[in-house]
There are 2 protein chains.
Amino acid sequence: MQRKATALDVAKRAGVSRSAVSLVLNGRGDGNVAKESQDRIRRAAVELSYSPNPIALSLRNQRTRMIGIVSDHVVVSAFDGNIIGGADDVARSRGFVTVAMDTEFDAARDESAVETLLDRQVDGLIYVTEGLKPLDVPPGMLRVPSVLANCYDNAPVPALPHMIPDEVRGGREATNHLLELGHRDIALLAGAAGSAAAPLRVAGYREAFAEARLDVREDWMSWVGWDIDGGFHGAMKLLDGVSPAERPTAIMCANDRAAIGVALAAARLGLSVPGDLSIMGYDDESHVADTMVPTLTTMALPLREMGAAAMTALLAQIEGPGKSEGHGKSEGPGIPVGPGISENGRAASLETLAPCRLVIRESTGPAAHR
Amino acid sequence: MQRKATALDVAKRAGVSRSAVSLVLNGRGDGNVAKESQDRIRRAAVELSYSPNPIALSLRNQRTRMIGIVSDHVVVSAFDGNIIGGADDVARSRGFVTVAMDTEFDAARDESAVETLLDRQVDGLIYVTEGLKPLDVPPGMLRVPSVLANCYDNAPVPALPHMIPDEVRGGREATNHLLELGHRDIALLAGAAGSAAAPLRVAGYREAFAEARLDVREDWMSWVGWDIDGGFHGAMKLLDGVSPAERPTAIMCANDRAAIGVALAAARLGLSVPGDLSIMGYDDESHVADTMVPTLTTMALPLREMGAAAMTALLAQIEGPGKSEGHGKSEGPGIPVGPGISENGRAASLETLAPCRLVIRESTGPAAHR
DNA sequence: TTGAAAGCGTTACCAT
DNA sequence: ATGGTAACGCTTTCAA
């Protein structure tokens with residue numbers, strides 16, 4: 001591997017000093033370097049396909065243009081994976097590189113991951129979680145600009161800004177979709193009771209019922225977890241051996257996997273979807289919701305948007321908004337945060353809520369007449 | 001953020017020169033530095049919690065201890081995500097850091113991702129794909145030590161080593177599992193005809209039939225893709241309206257998602273699994289195969305093992321096998337490659353095959369008597 | 001307008 | 001045995 005061209009090589013070729021090269025290539029040429037020399041320098045740089053050595057730059061500037069991403073389950077998940085994808089898009093467009101470390105749900109590793117990244121002199125940190133949850137922020141994160149995605153600072157007095165999905169609104173709008181289709185007998189298979197997201201979605205469901213002046217049937221609500229079997233058994237309990245007049249006409253699921261379980265149960269009981277039963281998912285998991293039979297109506301989590309918003313906020317903190325540095329790649333002014341992403345009400349709020357998106361497919365339909 | 005201690009700080013505190021600090025802390029102290037000074041230096045280092053600045057080290061050594069990982073779908077996938085997880089484990093245990101870039105199936109971005117990483121002076125590169133496939137290796141990868149995981153060099157004369165699953169054997173052993181349960185009427189819902197993996201798995205299926213001196217029913221084999229709907233419609237074609245005596249007693253699926261489709265079809269047709277029909281998956285996708293109703297028997301892809309093997313091979317190329325450098329973290333001699341991972345026959349082979357693992361659960365059972 | 005020199009934190013070499 | 005110095009590649013300040 002022949003060694004790359006350095007600023008000195010460019011200087012020699014252009015017949016000037018290293019300093020001149022540096023000035024010109026950083027836009028500080030005018031008023032310091034003769035126009036003619038500037039041209040020669042620029043030409044030489046192109047000919048040698050010169051680009052400054054990022055390592056030397058880092059050492060000199062004390063800034064690495066690297067953003068560390070710590071995740072409880074990064075590289076293994078269709079969920080926070082997409083968050084990271086969104087964050088990476090933004091970083092790349094502004095000449096930053098992301099370094100991701102996965103701690104695989106082992107909180108003890110958080111601290112060491114953060115220290116490793118800090119040791120490498122990352123300019124900022126993002127912590128990403130697979131599911132919404134309160135986070136014991138690793139102390140190291142307070143030493144550089146940091147943002148949380150899909151989780152929030154669990155400290156008595158929160159220090160870091162966070163981007164999270166608007167789960168309450170998601171639950172409410174999912175419910176409203178079913179109400180608008182004429183359903184009144186809507187069961188809810190909530191996720192895990194101990195999770196942060198599930199209770200919020202349930203709250204949204206209750207809000208929708210309250211607004212519609214309908215009562216929630218508490219016996220139709222259960223915490224079945226996030227998996228296929230939970231959805232299956234939950235649905236069997238609601239449907240098996242229950243007369244058509246007595247059973248729900250729609251089931252809202254904690255997520256798409258639970259919805260698979262419900263569909264399985266419906267098939268086994270000879271119920272047609274959505275004819276006899278509407279099924280509503282949550283997450284819009286790709287290759288699942290869109291390829292189910294029938295395809296699933298679901299509430300899409302704004303994963304990429306959250307990642308992008310988190311990175312945008314972080315970079316704004318690091319180098320001011322949209323100062324995109326002409327770093328070669330396609331850019332434009334910092335990726336827009338997207339419609340609907342909004343600050344929460346609190347004073348100097350640290351919280352940004354990203355809206356979920358209703359995706360209507362085949363698994364929901366008008367309620368059958370009774 | 002108060003600045004970190006440097007070697008100079010340590011030197012001052014210990015009353016010696018920077019060189020002495022460097023020598024001692026790199027184990028080259030004996031014979032060069034007085035025992036007494038060594039002690040003072042080490043004590044000072046601890047007191048200041050000194051650790052060398054990796055950036056300066058990189059500049060000096062021309063080695064960054066960073067490994068670049070390029071993926072066609074990294075951060076978004078439960079599949080190559082696990083490969084990266086395995087690779088990262090090994091890297092971390094040897095004091096390396098991985099930086100991953102996802103090109104989201106856009107081959108045009110491969111080159112630029114590789115160049116970005118090379119620009120950052122990574123010591124080596126790994127290219128990871130979500131599904132097995134031939135890869136047009138980005139030219140930049142030839143400039144540093146590089147390894148391919150789950151893909152192989154598509155050039156006329158391959159230059160890079162690769163780690164891939166032994167798909168033929170996987171297909172054969174999956175089939176054998178069903179044969180051993182007494183099944184003779186085994187249908188095969190292969191994946192996408194255009195993919196690299198599917199034909200190999202089919203080859204394994206044929207091998208198993210040949211060894212058992214049975215004929216393959218060609219009309220029971222079809223390319224239904226990798227999704228739930230493909231599995232569903234494929235199964236309906238095989239089962240719907242077909243008399244029990246005429247239909248297969250087992251269906252092998254291209255992957256677990258297709259198996260979901262088959263289970264859905266079976267439920268709709270009132271067939272019990274595995275009583276009336278055995279279903280075999282592939283991949284052992286987590287939260288799917290293990291939580292289906294019934295849970296899926298499947299062939300697990302050796303994702304983490306492949307990633308670990310790829311990284312082990314790469315690091316061996318970079319700094320010699322198992323030279324784990326005492327980099328603080330828990331280590332031990334380079335992660336073992338795991339039983340069964342083996343070199344292919346060719347001379348100076350570039351190919352390493354990782355075995356898949358049969359996971360027996362509830363969806364397969366003895367063939368019904370006829 | 002230009003070039004020389006210092007400094008970022010290391011390590012390796014070479015005098016002392 | 002020890003410590004000064006050059007070099008890694010860059011930017012910035014200062015002097016010519």
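## Polar contacts and salt bridges

A polar contact is a pair of N or O atoms within 3.5 Å; within protein, one atom must be able to donate a hydrogen and the other to accept it, and residues adjacent in sequence count only if both atoms are side-chain atoms. In this predicted model, the rule finds twelve residue pairs in polar contact across the interface of chain B and chain A, both residues being at pLDDT 80 or more.

On the side of chain B that touches chain A, the elements giving two or more residues are the helices α4 (54-61), α5 (78-93), α6 (107-119), α9 (228-239) and α10 (256-268), together with the strand β2 (97-102). The residues on this side of chain B comprise 26 nonpolar, 14 polar and 17 charged.

Two salt bridges are found across the interface of chain B and chain A. One of them joins A:Glu104 to B:Arg304, with 2.9 Å between the closest N and O atoms.

## Extent of the interface

The size of an interface is often expressed as the accessible area lost when the parts come together. Here chain B and chain A bury about 5,000 Å² between them, and 59% of this lies on carbon and sulfur atoms. Chain B contributes 57 residues to the contact and chain A contributes 58 residues.

## Symmetry

Chain B is superposed on chain A by a rotation of 180° with 0.1 Å of shift along the axis, at an RMSD of 0.1 Å. This is the relation of a two-fold axis. The same surface serves both copies, as 100% of the contact residues of chain B recur in chain A.

Among the residues of chain B, B:Val99 comes closest to the rotation axis, its C-alpha lying at 2.3 Å.

Notes
Residues numbered from 1 in each chain as written. Chains lettered and ligands numbered in written order. Predicted model: local features only at pLDDT ≥ 70, side-chain atom pairs only at ≥ 80, totals over all residues. Heavy atoms only, no water. Contact = heavy atoms within 4.5 Å. Buried area = accessible area lost by both parts, 1.4 Å probe. Salt bridge = Lys/Arg side-chain N within 4 Å of Asp/Glu carboxyl O. Helix = DSSP H or I, 4+ residues; strand = E, 2+ residues; numbered from the N terminus. Nonpolar A, V, L, I, M, F, W, Y, C, P; charged D, E, K, R; others polar. Least-squares fit on C-alpha atoms with pLDDT ≥ 70 in both.
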